[in-house]
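Hi there,

Here is the structure I promised to pass on. Could you have a look at it, and then read my notes below?

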Amino acid sequence: MKTKILCLSGSLRQASSSTAVVETICRDIGDSVEPLRFDIATLPHYNADLGQPEVVQAFKATVEAADGLVIVTPEYNYSVPGVLKNAIDWASRPAYESVMLDKPVFIASVSGGAMGGVRAQSHLKYILNGMLARAFVHKEVIIPFANKKVENGALVDEGIKTFLMEGVDAFVQSLRERPRQSLGR
Ligand SMILES: Cc1cc2nc3c(=O)[nH]c(=O)nc-3n(C[C@H](O)[C@H](O)[C@H](O)COP(=O)(O)O)c2cc1C
């Protein structure tokens with residue numbers, strides 16, 4: 001059975017470097033993995049009064065079906081973009097019993113500048129703590145000057161790509177060593 005990984009980009013823009021990194025991961029991750037996708041732009045703003053709209057149910061079902069998540073996020077004003085936080089907020093309910101409970105998450109961050117989104121990455125790990133998800137522990141993948149490292153919707157910097165895929169491969173391996181039955185839900 002293939003390992004299922006839901007790959008999310010924290011940026012909605014067409015020429016996004018985060019999305020290019022996600023596309024590169026999905027392309028290079030290998031045949032033993034089935035990448036799952038979800039367009040987080042289709043989710044409404046979080047509002048408990050909405051109940052569970054169909055699109056939210058679909059998103060949560062996709063998170064639940066995934067053995068792990070890969071999130072590539074840009075940094076917006078020293079943190080994660082609101083659109084990504086919104087998706088995570090939907091997935092995080094009901095509190096401490098959600099589809100995010102015990103969910104392994106691989107994180108990479110990008111930025112147009114020199115910091116590589118390191119502050120957003122740090123915030124994202126803290127946010128995941130709030131729903132008892134598991135940020136995968138490895139050497140942090142930050143991608144500075146990311147817009148210069150992508151071309152035609154893919155990451156083209158070989159050094160970063162090798163470093164990134166080493167982390168992703170270690171993540172996939174950790175999921176294989178961790179049978180689904182041992183997940184907390
Ligand atoms: C609203 C906004 C806030 C930003 N804040 C930061 C920031 O705090 N730190 C940073 O390094 N880059 C910041 N940037 C620049 C982004 O890193 C850059 O636009 C990056 O390419 C966005 O990722 P994307 O290519 O995946 O869309 C910001 C961009 C926007 C649109």
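**Around the ligand**

The ligand has 15 residues around it, and those that come nearest are S11, R13, S16, S17 and S18 (a residue counts as near if one of its heavy atoms lies within 4 Å). Please keep in mind that this is a predicted model, where local features need pLDDT of at least 70, side-chain atom pairs count only at pLDDT 80 or more, and totals for chains, interfaces and linings use all residues. Residues are numbered from 1 along each chain as its sequence is written, and side-chain values use heavy atoms, with hydrogens and water left out.

By class, the shell holds 4 nonpolar, 8 polar and 3 charged residues (Ala, Val, Leu, Ile, Met, Phe, Trp, Tyr, Cys and Pro count as nonpolar, Asp, Glu, Lys and Arg as charged, and the others, Gly among them, as polar).

**The fold and two local details**

Strand β1 (residues 3-9) runs parallel to strand β2 (residues 33-37), with 5 bridges joining them; pairing takes at least two DSSP bridges. In this pair, C7 stands opposite R37 of β2. Helices are DSSP runs of H or I with at least four residues, and strands are runs of E with at least two.

Most residues other than glycine have a negative phi, and most peptide bonds are trans. N77, however, has a positive phi near 50 degrees, and N77 sits in the loop between β3 (68-74) and α3. R93 and P94 are joined by a cis peptide bond, with omega about 0 degrees; P94 is in the loop between α3 (82-91) and β4 (104-110).

Best wishes
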